[in-house]
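This report describes one protein chain together with its ligand. The sequence and the structure are shown first, and the description follows.

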Amino acid sequence: MDGMKKLPPGQFETDKWPILHVGDVYEFNEDTWDFTLFGEVKEEVTLSFQEFMKLPKTVSTVDMHCVTTWSKFGTTFEGITFRELLKLIELNEGVNYVQIFGYYDGDRMGYCANLPLEKLLGDDSLFVFRWKDEHHDWEELDPKHGYPLRFIPPDSFYLWKGTKWVSGIRFLKEDEAGFWEEMGYSMTANPFKEERYR
Ligand SMILES: Nc1nc2c(c(=O)[nH]1)N[C@H]1C(S)=C(S)[C@@H](COP(=O)(O)O)O[C@H]1N2
Ligand SMILES: [Mo]
């Protein structure tokens, strides 16, 4: 792995995993938690936590690049791929974008980030519940990092596209800004092209 690390421009490497978000840390309640696939779909689907966690799991090692300039290499995650969720729905014609939703101060749909669908079809695009790295054996995701489930985007996106405390996916024909994008952050957010703002 070492030597294959690629630090995007303007980033520095950290061994620690910093915590960054707006609002309160979501307090998990399995009875009220659910996850909705909605928008440009033939039929909406809502999953309970049990149903979500029964889906096939994938283990994937990814690098995280935060727009505040820290990068953490080589964290291994276990989760459910975005691709796996696609199997549960039938998309309308011409869907090319999604917004991944999560909690913000008790509002289920208070946070979201937009992403292009075609970039989310690999093993490096997953809803994760545990992690490990060089210094830690498998650990459940800390509430501050998005327990019980948070999205980790491919490393070709800054980490704000990695919604914590996820609650759903909205499917879209046209790209629509999310929480940070509304405030001037990049729609495409590629760290290797240093796409921080728009
Ligand atoms: N629900 C939610 N998800 C969120 C955020 C947030 O404020 N709310 N912040 C984002 C930002 S800006 C970053 S950099 C990452 C940080 O993830 P970490 O705290 O696990 O490092 O979470 C992202 N996901
Ligand atoms: Mo961030």
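A nitrogen atom of ligand 1 has a backbone N or O atom of Gly162 at 2.9 Å. Taken alone, ligand 1 exposes 530 Å², and the protein buries 98% of that area. The model is a predicted one, and the distances given here are computed from it.

An N or O atom in the side chain of Lys164 is 2.5 Å from an oxygen atom of the ligand, and an N or O atom in the side chain of Trp17 is 3.0 Å from an oxygen atom of the ligand. Ligand 1 is surrounded by 19 residues. Lys164 is among the closest of these, together with Pro18, Leu20, Val22 and His145.

## Overall architecture

The protein chain contains 3 helices and 11 strands. In sequence order these elements give the pattern β-β-β-α-β-β-α-β-β-β-β-β-β-α. The radius of gyration is 16 Å, close to the 16 Å that the globule rule gives for 198 residues, so the chain is as compact as a globular protein of that length. The C-alpha trace spans about 45 × 35 × 30 Å along its principal axes.

Of the 198 residues in the chain, 50% are buried. Among contacts with a separation of 6 or more, 68% join residues 24 or more positions apart. The accessible surface of the protein chain comes to about 9700 Å², and carbon and sulfur atoms account for 47% of it.

## The hairpin of S6 and S7

Strand S6 (residues 97-104) pairs with S7 in the antiparallel sense over 7 bridges. One of the residues involved is Ile100, whose bridge partner in S7 is Ala113. The hairpin has 2 residues between its strands, and Asp105 takes a positive phi near 50° there.

Asn190 is located in the segment after helix H3 (179-182). With a relative accessible area of 15%, Asn190 is classed as buried, because this value is under the 20% cut-off.

A polar atom of the Asn190 side chain lies 2.8 Å from the backbone nitrogen of Phe192. When residues up to four places away in sequence are not counted, Asn190 touches Ser156, Tyr158 and Glu195.

How values were computed. Residues are numbered from 1 along each chain as its sequence is written. Chains are lettered from A and ligands numbered from 1 in the order in which they are written. This is a predicted model: local features need pLDDT of at least 70, side-chain atom pairs count only at pLDDT 80 or more; totals for chains, interfaces and linings use all residues. Side-chain values use heavy atoms; hydrogens and water are left out. Helices (H or I, at least four residues) and strands (E, at least two) are DSSP runs, numbered from the N terminus. Buried means under 20% relative accessible area, exposed over 50%, partly exposed in between (1.4 Å probe, protein chains only). A polar contact is a pair of N or O atoms within 3.5 Å; within protein, one must be able to donate a hydrogen and the other to accept it, and residues adjacent in sequence count only if both atoms are side-chain atoms. Contact means heavy atoms within 4.5 Å. Two strands pair if DSSP finds at least two bridges between them. A residue is near a molecule or strand if one of its heavy atoms lies within 4 Å of it. Accessible areas come from the Shrake-Rupley method with a 1.4 Å probe; for residues, only the protein chains shown count as cover. The radius of gyration is taken over C-alpha atoms; the globule rule is 2.2 Å times the number of residues to the power 0.38.
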